[in-house]
Every structure is written in C-alpha cells, then in structure tokens.
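Please open the structure in your viewer and keep the selection tool ready.

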Amino acid sequence: MSQTTTRPAARKSQPSASSRFDSALGWSPRFGTNMALRIILCILVFCIFALPFMAIISGAFDRNSSPTDISLLPKSFTLQNFEAAQQQGLWGYLLNSLVVAGGGLLLQMTVSVFAAYSLSRKKFRGQAFAMLLVLMTMMLPEEVIAIPLSLVLGDLPLLGVSLRGSVLAVILPVGIWGFSIFIMSEFMKEIPAEIEEAARLDGVGEFRMLFTIILPLCKPALGVIGIFGFMMVWDQYLLPLIAANDPSDYTLTVALSVLRNDTTVGPGVLLAGAVMAMIPSLLVYLFLQRSMIRGITAGATKG
Amino acid sequence: MTVTPTKPADLLVPAKGAKTAPSRRKRINGKQVLAIWLFLVPAAVLGLYFKFIPMVEGIRLSLFKVQPFLGDVFVGFDNYVNVLTDARFMDALGHTVVLGVSQTLGALVVGFVLALLLEGQARSLWVLRTTIFLPVVTALAVVGEIWRILYFPTADGPLNTILGWVGLEPLQFLNGTDTALWSIAVVGIWSGAPYNMVIILAGLTGVDRTLYESAGVDGATVWQRLRYITLPALRPSIVIVLTLAAIRSLRSFTEVYVLTGGGPAGSTEVWMTRMYSLGFQRNDVGVASAAAVLLLVVTLLLTVGTQFLARRKAER
C-alpha cells in the first residue's frame, strides 16, 4: 500500500527511469518504438475481441445481412430485422428471459442473504454440516443432474405438481446457488460482532437486524452476488431447454438455436435476436463492473 | 473450514463478553434458534428439491433400466458397464479432455499475454480492458451464434476472408471433422481469456515494484524479470484458478451444443452432449444417469483432491 502511495511522487520527479518499472513488461510511457508496438498490439487485441460484436450489431441493422457479406457498419440501415423478429415471437422469448432473470436473481439473492446471515452470524449445532452442504451444491454442477432434475420438475416429490412449461421451472432451481451463499457469508463474517451486540441491546429483532444493520454494510458483496447471479441466470441454457413444455417457453438464448435451424428465418433476424440477448448483460455489466472485478479477484484468492 | 472464520469473533469476545454472552443467549435462545432455522428454510427447501433429490434420484436411476410405462427394472451396474464400453462415450471422453486442456491452457496463456499488454493506470487501457471483457459477460449461447457466423465455412465467410488476406486456404472450421474441435476450443479461449486477464492483472498489481527496479539495476532482461519475479508472484492464484477451470471444462455443454451439436460425424461430441442426446433424445435415462454419476464422481474427486493438495501446500 505504501508502495503505491509513494509511486506518483516518484514518477513525477523521475519520469523515465521509474515508470518503466510500473508494468511487468516495462512499457515506456514516452512515444517511441516501444509505445508504437504497444499501440499496434492493443489495436490487434481490440479487433479480435470487439470487432465480432460490431459485426453482429451491424448485421442486425442491415437490410440484407449475410455471413458472407459482413461489415462493421450496416450498408443499408433498417429496423426490419427487429420487426421480423417480432413476428417470430422473439419479444416473447425476451420477455421470458427477463422474467426468469429478474425473478431468479431476486429469489437467489434473497435466499443467499437469509442463508448467509444464519450461517455466518449465528452459532448453532450442525452449522459446519450446513456449510458443507452449501459447498457441495457449489461443486455439484447443475448440468450433471439435468436428467433427474427434468423428472423432478415434471413431478415435484410430495407436492405432485408439474412445473414444466412455467417460468418457475427455471426460477426455482436457480434460486439456490452455493457460490452466492458462500460469498455472502464470507463477507458477513467480517462485520464486527460489536455492531450487532449494540443493536441487540437496543432490542432490535432479527429481521430488522438483518435488513437495517447487516445488509447496508454488505453492499459490496450484494453487488458481487448481483452481477454473478445475473450472469449465471442469463447464461442458463440446459435448464430452460429441459424445463420447457414447448418452444414458446424457451428463453431468448435457447430460442436463438431454434431460429437458426428454421430455414424460413434469415440471418438478419437471428442477429437481431443475438443483439437483444446481448443488451441486458451489457447493461448489467456496465453498471456493476466494479463488483464484477471485485468478485473475480476475490474468487481467485479464496480459491 | 469452520475454525478459521470464527477466529476474529473469538478473539474479540473473551476480553469483555465472557460473562454477559451466556446470559443474553439464554434469554433469547428460543427466538434465536427459531430465527436461525427460519432463515435457512428457503435455501434448504430449494436445495432439497433441486439439488439433493435430483442427485439421489440420478444415482437411483443409474442402477435401473428405465422404461416409462413398463416399470423400472433393477440392473445393478449394467448401465455403468454400458457407458464404459460404449465407443462413442470413450470418444466423447477423449474430446472432453482435449477440449478442456486446450481451452484451459489457451485461455491462461492468452489471458496472461493480455494482462501484460494491458497492465497500467492509463484511462485508455482501462477502456480497452472493459471492452475486451465483453465476451465473458455475453451469454455462451450468444457467443456461439456470433462464432457460427464468423466461422462461416465458404471462402467468403468472415474468418476465411481474413485467412485469404494472409494467403491461407479457406478452412471448414465447424464443418470439418479435423477442425471442428479446435474451432470450439478457440471460442472457449476467446470467451475465457479476458476473465483470466482480470485475475492476473490483480496479481500483477501485487508484485513489488522495487523488485523490478532492482532487477533493472542488475541488468536483467525483460524475459528474466518475467520468469523470476512476475511468474512466481502469480503462481498461487493461477494454480487454483487453472485447476478449477479444468474441472469445470469437464462439463462443458452449451458451447458445444450451440456450435456443432456434437457433429460433424461425432467429431466434437463431449461427455455432456452424449449424455444429453442419450437421456433426452433417445430416452435411455438409465445409461445417461450412469454417465452423469460418473461425471459427478470424477468432478468431486478432482475438486476435493485439488483442494486437499492446495491446503497441504499452504500448510507447508
């Protein structure tokens, strides 16, 4: 920490010598061959990672888009792909996706916060076991249980209800996610016990304790489980596929492959669908970018 | 797992709260216990219904010949024998491992190069890093559709056009039995490398800058600096991330399913797509469940094994 704070001063007094050691490769901050090389490489990297997106977006707005004639800007701008998408029911799929993502994320975060509060702020018998179960669900990939899960969704044990074909068939299974319970409880553990004790002396009950004392201190962790949870739900593919009764139940991501296999649908409509599926994750990412980075690095150090 | 987290609280309590804590706990004990379990109920119910019952059910089904209307017949380990002697499953296993290893290593190397290139405080670098991260946040199904278009196999397809500029023959990509698996691996690297970049960048900021300076004074080359200062500093975080990514790749499904569906001619069939087609398209639920249980066992063993190794290393 002290290293980084003394850094700018050192850089100002001795620009060439010290800033060369700011990066592992020793990139020079001054114009020269070193910088030119870096700029060229950066442009190359930009092309590789960003241009495909531009091509897709341009294709979605192009009158006659085709994979063999792709450009970075639409040659003849049009919205007709999106109108055609409406006829293919894409907006319905998008609505499915949004309902599933919103409901699933809300449920997942609520469940995680409650469970984490119990697991991290309380002591009770069987706590270690409960935490172990949470970690197990982290390790238990949802793909692996896809087949029995589809059977369970078709006939809930004890209740005898079939969830298939309803959005609940996707929302409920994504509601439990070990990762987000784990992140949340790790964070809650760090909150000093005194804060809670002081509030308890004032006669604060459990719910108020959680919502007015603990949760406001957990904003960073909420951001992390928010964006990771959203990405997890939005990325679901197998689950909506097996939870659907008929194609109209599909989420947008699943519907894309249906569209592709439909020969009456042109590539322009498919691209419009892809753009529609991209926009929500893009928005969430732009708003919660810091949380994303924080979550990744925390995950890396915690293992 | 349970010992370390309670430490800070334990350290704080004895000084002042040793006597008061028990009495207070007694007073609100009933309420407290109720609250604890009340808060755990949603997670427990959902976990039971959508994780544990399916898991137990999967293990049960794997021992049966499942027939929808005729009733299930117990067959012992026949389904497992079927899976392990099935040539297509063994092919799928090979593809899974090749895909997993190439994606994991590729994403790590590319992520490392990206991190080295884009390390720095400048705002332009930050913008570039943000842009590059887009493939990670985009849903895999969408990434798949994007690459299906880029890989369009005619000579005037987007990537083949670029290959043409540098004088290479057009490739079949996803349509060729030799190239399809590698094409999928490239997509995995493309969408995974920026994630690793972020991890490595975080590691890079932790490297002591004075080490670079003294290495510079000693006349070390850039390569030596990387080899002896940067890499050792990054090792701990990379190792764990690598193993977890490798384990996760065992169950990759979406990208393969979207890009090739296992084709052409089964050349990209992985464990999960084989399982899916058996279980959902051919309704051979018993055998598919056996395959799932095998995947689960391998995943658990690898996860526990790496955690164990990592912990032992940390203790040493």
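Select chain B, which contains 15 helices and two strands; helices (H or I, at least four residues) and strands (E, at least two) are DSSP runs, numbered from the N terminus. This is a predicted model, in which local features need pLDDT of at least 70, side-chain atom pairs count only at pLDDT 80 or more, and totals for chains, interfaces and linings use all residues. Residues are numbered from 1 along each chain as its sequence is written, while chains are lettered from A and ligands numbered from 1 in the order in which they are written.

Of the 316 residues of chain B, 41% are buried, that is, 20 or more other C-beta atoms, placed from the backbone, lie within 10 Å of the residue's own.

Next, select helix 12 (residues 219–234) and helix 15 (residues 267–287) of chain A: their axes come within 10 Å and cross at roughly 170 degrees. Axes are lines fitted to C-alpha atoms, for helices over the stretch in contact, with angles from 0 to 180 degrees between N-to-C directions. The two helices of chain A are therefore roughly antiparallel (angles over 145 degrees). Display A:Ile227, A:Phe230, A:Met231 and A:Trp234 of helix 12, which meet A:Pro280, A:Ser281 and A:Val284 of helix 15; contact requires C-beta atoms, placed from the backbone, within 7 Å.

Finally, colour domain 1 (2–83) and domain 2 (84–302) of chain A, with bounds from an automatic or database domain assignment. Their centres, taken over C-alpha atoms, are separated by 32 Å. Twelve residues of domain 1 of chain A contact ten residues of domain 2 of chain A.

How values were computed. Buried ≥ 20, exposed ≤ 12 C-beta atoms within 10 Å, placed from the backbone. Parallel < 35°, antiparallel > 145°, perpendicular 65-115°, else oblique. Contact = placed C-beta atoms within 7 Å.
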